[in-house]
Amino acid sequence: MSFPWARHYQPVNPVMRFFDEKLPLPRFVYNAVGAGYPVPRNLNYFWNFGVLAGFCLVLQIVTGVVLAMHYASNANVAFESVEHIMRDVNWGWLMRYAHANGASFFFVVIYIHIARGMFYSSYKAPREMIWLIGVVIFLLLMATAFMGYVLPWGQMSFWGAKVITGLFSAIPLVGEPLQIWLLGGYAPDNAALNRFFSLHFLLPFVIAGCVILHIWALHIPGSSNPTGIEVKDESDTVPFHPYYTAKDGFGLGVFLLIYLAVVFFGPNMLGHPDNYIPANPLSTPAHIVPEWYFWPFYAILRAFTGDLTIPFLGVALLPAKLLGVLAMFAAILVWFFLPWLDRSPVRSGHYRPLFRKFFWFGLLPCMALLFYCGGAPAEEPYVMLSQLATAYYFAHFLVILPIVSSIEKPEPLPFSITEAVLGHGANDKEVVKGEYAEPVAV
Amino acid sequence: MIRLAGILIGLFFVGCVLLWSFVPGVATVLGQGSFVEPTAEHEFHRDPKHVSFQHDGAFGTWDIGQLQRGFKVYKEVCSACHSLKLVSFRNLAQLGYSEGQVKAEAASWQVPGVDPVTGEAASRPAAPTDYFPSPYPNDVAARAANNNAIPPDLSLITKARHHGPAYVYSLLTGYQPPEPELLAEFPDAAPGEGLYHNPYFANLNIAMAPPLAADGQVEFDDGTVSTVDQMAKDVAAFLTWTAEPTLVKRKQTGWPVLGFLLFATVLAWFAKRSVWASAKPSKRHD
């Protein structure tokens, strides 16, 4: 499972020795995030975001459990119970702001973590399973965050729930009954609020389980690294502890500084004012928007404005709403297939000139545009921009990536991770020239 | 195979969004000559005015005198139509009132209760633990008295609107006759029966009559001249407090927390540096 030079746990303290004999939990931790896990020595700060995401999950569970002690999931009092937390519960305002902004920062961290995986093609063999579990975690995270946003039972909670569950009604034949079954009624009400609360409490623990699988799968091949070439020998790695615990500790400090600055000085910056208006089924907000982290997918959903018809015959094949729903789900499901859509034998974007250009000047601006349009009102020119960005999004993953990865000529790889870290050192220069690492077979 | 299927699915979505959605959209825009159909709200709605408060910014603190004045404006003007359901009389202690003053203030408000002898519905003077009473018994009564518009509860109003405090201030001071250009372009935008023009309100016509009509309407106890502008500013500050009584405590807690974290992060940086100093890559042994 690990490299042959991985250190073995040798308990010195008699208590730990006792423990380790009866239940090798100390050994397990030692091998997972301790000195027993050899990690490539050249990881940059983008590799901090896995640990940060784990921290966010713990933060959300801790603040969430405290909030659940004071929250009432009943449509008549849910809004007031949240305000009770804000006003009358000791430090309740801190718990709630930490939880609400914690969700936002969880998504910031996750998006950077995913983008890192895409740039360095961390999804490629032999790490496909880590990636697949990661996409499952992302889907669970979206479901959890969506249901959490419904709980305060403000205007955006109610109308967001109505719009998102309304997506299921686009499915032919079973759509309407399915929506009613999901909501436990014809519109979001007490039944929906109660089940959303129940699931919002449950899913984080499902996510925690998936995170354990994610890390388990990671420890089989070990971490990838910015060069994308495999570890060759011991000099390529350092033990996770103390090297990466120290680096992650510093990264965590920087993360907390930014996150808590928002919690204390702009806690409503990332939310929508309408959610401080109690839910009112009789009054539709002027612009229904989900939380910012759903904007790209909301933009894709709304980009499909025209029914798919056969021109001049007027035969309708697919209604616009169903197309939008399919596209929105496809936008995430396509990530499942990345390991097989990308054929390049080289992992890291640093050595893939064409792929790199499409990543920086295609995918990232496209995502930025989708973010912007998803939060904007559903009017021109935002709709047109989101349509162009949606077209690029699908073209990027399904057309450009497979073609570029098979036609581009990768730049030469360094011989080893150690050499990449040392650069072309004076002694190595002559020896190393022209001696490159083997690309991986995909 | 998977790549071929991927390319086909990709082309399907790209084709759908470009040919059936984007092209008709462009045709509509070209046909109408502008991105959006011009509406009165688009062209004549104004963003809130710029206004500053002592509680603004990372070091903001409450201006207790202003909150007390704002409370008086709420009590004498706003409370005739607007409830303040989430605020209780005991909370007024935070505005610098003594226990006795809070009790006396509460007792000057009538809240629904029951007759202790007959058990029939009656009203009684409020206690500090009571919440501010609603001016109307129910929504139907509120609608009936206000030209079919329910006056919103004000407890959270400054958090429930973009740029809340500035919005409240702008709305209260923004009543004016509709511009001639507006009426020339959109004759329908003229305020109807019982409506008042206000460019800071979302659809330009609001059912609330100008509540702060003249200077001196509320007499301030601290001698501040009660211009309409001053009253609007003070009540906006008061409503910022009702929306988030913990606002100043939050900011004051933030600084020591960030200060400690900054210190800890600097330490973590040095720790990281010293740990990694020992990891100078040894030479490759091949």
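Visitor: Which residue stands opposite Val114(B) in β2(B)?
Guide: Ala121(B) stands opposite Val114(B). Strands here are DSSP E runs of at least two residues, helices are H or I runs of at least four, and both are numbered from the N terminus. This is a predicted model, where local features need pLDDT of at least 70, side-chain atom pairs count only at pLDDT 80 or more, and totals for chains, interfaces and linings use all residues. Residues are numbered from 1 along each chain as its sequence is written, and chains are lettered from A and ligands numbered from 1 in the order in which they are written.

Visitor: In what sense do β1 and β2 of chain B pair?
Guide: Strands β1 (residues 110-114) and β2 (residues 121-125) of chain B pair in the antiparallel sense over 5 bridges. Pairing requires that DSSP finds at least two bridges between the strands.

Visitor: Which residue takes a positive phi in that hairpin?
Guide: Gly119(B), with phi near 80°; the hairpin of β1(B) and β2(B) has 6 residues between the strands.

Visitor: What are the domains of chain B?
Guide: Domain 1 is 42-85 + 134-171 + 212-247 and domain 2 is 88-131; the bounds come from an automatic or database domain assignment. The contact between them takes 6 residues from domain 1 of chain B and 5 residues from domain 2 of chain B, where contact means C-beta atoms, placed from the backbone, within 7 Å. The C-alpha centres of the two domains of chain B lie 22 Å apart.

Visitor: Moving to Arg3(B): where does it lie?
Guide: Arg3(B) is in helix α1 (residues 2-32) of chain B. Leaving out residues up to four places away in sequence, Arg3(B) touches Leu341(A) and Pro402(A).

Visitor: Why does Arg3(B) count as partly exposed?
Guide: Because Arg3(B) has 19 C-beta neighbours inside 10 Å. Buried means 20 or more other C-beta atoms within 10 Å of the residue's own, exposed means 12 or fewer, and partly exposed is in between, with C-beta atoms placed from the backbone.

Visitor: How many residues does the contact take from chain A and from chain B?
Guide: It takes 56 residues from chain A and 51 residues from chain B. The largest share of the chain A side, 14 residues, comes from α10(A). That side divides into 38 nonpolar, 10 polar and 8 charged residues. Nonpolar covers Ala, Val, Leu, Ile, Met, Phe, Trp, Tyr, Cys and Pro; charged covers Asp, Glu, Lys and Arg; the others, Gly among them, are polar.

Visitor: How many helices and strands in chain A?
Guide: Chain A has 17 helices and 4 strands. Its radius of gyration is 24 Å, close to the 22 Å that the globule rule gives for 442 residues, so chain A is as compact as a globular protein of that length. That radius is taken over C-alpha atoms, and the rule is 2.2 Å times the number of residues to the power 0.38. Buried residues make up 45% of the 442 residues in chain A.

Visitor: And α3 of chain A, what should it span?
Guide: At 1.5 Å a residue, the 20 residues of α3 (residues 49-68) of chain A should span 28 Å, and the end C-alpha atoms are 28 Å apart, which agrees. The expected span is 1.5 Å times one less than the number of residues.

Visitor: What covers its buried residues?
Guide: The cover of the buried residues of α3(A) includes α4 (78-87), α5 (92-119), α9 (190-219) and α10 (240-265) of chain A. Among the buried residues of α3(A) are Phe49(A), Cys56(A) and Leu67(A).

Note on methods: Two residues are in contact if their C-beta atoms, placed from the backbone, lie within 7 Å.
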